[in-house]
Amino acid sequence: MIFDLLIRGATVITPEGRRRLDVAVQGDKIAALLEPQTPAEAKETVDASGKHLLPGAIDIHFHVRAPAYPARGTWESETRAAAAGGVTTVFEMPISKPCCATPEIFVNRREQGQREAVVNFALYGAPGMLKADLVQGMAAEGAIAYKIFTTDPVPGRMDEFEGLCVPEEWQQLRALELVKETGLLTVVHAESQPLMNHYTALVRATGRNDALTHGESRPPVVEALAISKIATLNDLVGTRLHIAHVTSAHALQTLRKWLGHQDISGETCPQYLLFTEQALAEFGSYAKINPPLRQQRDVEALWEGVRDGSLISVTTDHSPFTVEEKERARTDIWAAPPGAPGVEFLVPMMLDAAARGRVTLEQAVALISSNGARRFGIYGRKGLIAEGADADLTLVDLQARTVVDRSREFSQSRNTDYFFHGKTFQGKVLRTIVNGKTVFLNGEVLGRPGDGRFVRP
C-alpha cells in the first residue's frame with residue numbers, strides 16, 4: 001500500500017504512553033503505527049525527528065456565535081485560529097442570535113459550520129425552553145451535549161440566551177430531567193443569581209465602576225453555591241453533569257464533594273490558570289470574563305485540581321468581541337461584554353506547563369484532548385493516536401518557543417487579546433492535521449472552509 005501521509009521519527013503520545021513510531025495516514029484515518037524506519041511508501045513523508053506527535057486538541061468550550069455578529073468572528077476566522085493553535089475539534093456553545101434552542105436553529109448552525117469550518121466541530125443545544133420535543137429533536141440532529149446558565153439572561157441580549165438561562169431551581173430541575181432522557185451531558189455555567197444580585201447591589205451602592213468591582217460582584221461563593229445547588233438537584237435526577245470554567249478554590253472544593261457520588265466532572269481555562277484579578281486592574285474591560293479572575297491561591301488550587309484529576313479538562317472559553325465593544329466600556333466595567341479570545345494558545349500554554357513541571361506531557365494531552373473525548377462520547381474516533389482513529393493530529397516542537405504577537409494571530413478578535421499578547425510559551429505547534437489533511441503548517445493556515453466536519457457523540 002502507498003499511504004497518503006507518513007510521519008516518521010516522532011515521539012508519539014499514545015494511550016500506552018510515549019513511543020517512537022512512524023504514523024501512516026490513509027484518507028481521513030490513521031492506517032498504521034509502524035516501528036521506526038519500517039519500509040513504507042507514501043505520497044508525502046514528513047521527517048518529524050526530535051518532535052512530538054499528539055492527538056489533535058479538542059476545545060470543549062468555544063464560542064463563535066455565528067451567524068450573529070460577523071464583526072466579532074466567523075466560523076472561518078475562528079476555526080482558522082483553532083487550526084493555528086493545534087486544535088482539531090471545537091465544541092461550539094449555543095449562544096447565537098437566536099439561541100440554539102430548537103432543532104431548526106441547530107440544523108441551520110450545523111449547515112453553516114459544515115460550509116465554513118476549517119476544523120471539526122460539534123454543537124451544543126440549549127434545553128431551557130423546557131420542551132421535550134425540542135430537546136429530543138436536537139439530540140436526534142447530533143447535539144454533543146446541552147448547556148445551561150443558572151443566571152438571568154444578559155440584559156439586552158434576551159434572544160441570544162432564550163432557552164439557555166434557567167435561574168429558577170424548578171427550571172434547572174426540569175432541564176436536568178429532559179436532558180437525562182437523551183443520555184447526553186448537561187454542561188453548567190454555575191453562578192447563583194440571587195447571591196450575585198446581593199453582591200452586585202452592595203458594590204453598585206458605592207458608586208464605583210472600576211475593573212475590580214467585577215470580581216467583587218461575583219465572588220467565589222456565588223460559583224460554589226450554584227455548583228452545590230445543581231448537584232443537589234441532580235441527586236434527584238441522576239443526569240450526567242459537567243461544570244464549566246471552574247475558577248476558584250471554593251468552587252473546586254465544592255465540586256470535589258460530589259465526585260464519586262454522582263456522574264459529575266469539571267473543567268477550567270488557561271486564563272484562570274495563568275492570571276489573577278490583577279489582570280483586570282491592568283487590562284480593564286479586555287480582561288472581563290465570567291466567572292471573574294480570582295486570586296493567586298485560586299490559581300494554585302486549580303493547578304492542583306488538574307493534576308489530581310478533580311478537573312478533567314483545560315479548555316478555552318474562546319469568546320471573541322470587537323475592540324469597539326471593549327473600548328466603549330473601558331471606563332465602566334459594568335457595561336463591558338465578558339469574554340476574550342484564546343483558542344490559538346491552548347496547546348502552547350499546556351506544553352509550557354509541562355516544560356515547567358506543572359503537569360506531565362501525558363497529563364497535558366489528557367487535559368486538552370483525550371479526557372474531553374471520553375467524557376463527551378467521541379473517544380476512539382478522536383482524542384487518541386491509534387490505528388483506525390481519525391487522523392486528527394498535532395505535531396509540536398518542545399524545544400521551540402511560541403512568542404505571542406496579536407498582530408499575527410488568526411482570530412478576528414486578535415486585537416482584544418490582552419491575556420496572551422507578549423507572552424512566551426515553551427513549545428510550539430508546527431503542523432495541524434484534520435481528517436488527514438494538513439490545515440496548518442509552520443505559521444500558515446492551509447485549511448479551507450469545509451475542511452472541518454460535524455462531530456456527533
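**Second pocket**

I began with the second largest pocket, whose lining has 18 residues, with Thr 402, Val 403, Lys 428, Phe 440 and Gly 443 nearest its centre. A pocket here is an open set of points on a 1 Å grid over the protein atoms alone, where a 1.4 Å probe fits, with protein on both sides within 12 Å along at least five of seven lines; lining residues have an atom within 4 Å of a point. Strand E14 (393–403) and E15 each give two or more residues to this lining. I noted about 410 Å³ of space in it, volume being the space filled by probe spheres set on the points.

**Where this comes from**

The model is predicted, so I kept in mind that local features need pLDDT of at least 70 and side-chain atom pairs 80 or more, while totals for chains, interfaces and linings use all residues. Numbering runs from 1 along each chain as its sequence is written, and side-chain values use heavy atoms, without hydrogens or water. The mean pLDDT (the predictor's confidence in each residue, from 0 to 100) is 97 for the protein.

**Thr 432**

Next I looked up Thr 432, which sits in strand E15 (residues 424–434); strands are DSSP runs of at least two residues, numbered from the N terminus. Is Thr 432 buried or exposed? Thr 432 is buried, at 0% relative accessible area (buried means under 20%, with a 1.4 Å probe and protein chains only). A polar atom of its side chain lies 2.7 Å from the backbone oxygen of Ala 83.

Terms used. Helices (H or I, at least four residues) and strands (E, at least two) are DSSP runs, numbered from the N terminus. Buried means under 20% relative accessible area, exposed over 50%, partly exposed in between (1.4 Å probe, protein chains only). A polar contact is a pair of N or O atoms within 3.5 Å; within protein, one must be able to donate a hydrogen and the other to accept it, and residues adjacent in sequence count only if both atoms are side-chain atoms.
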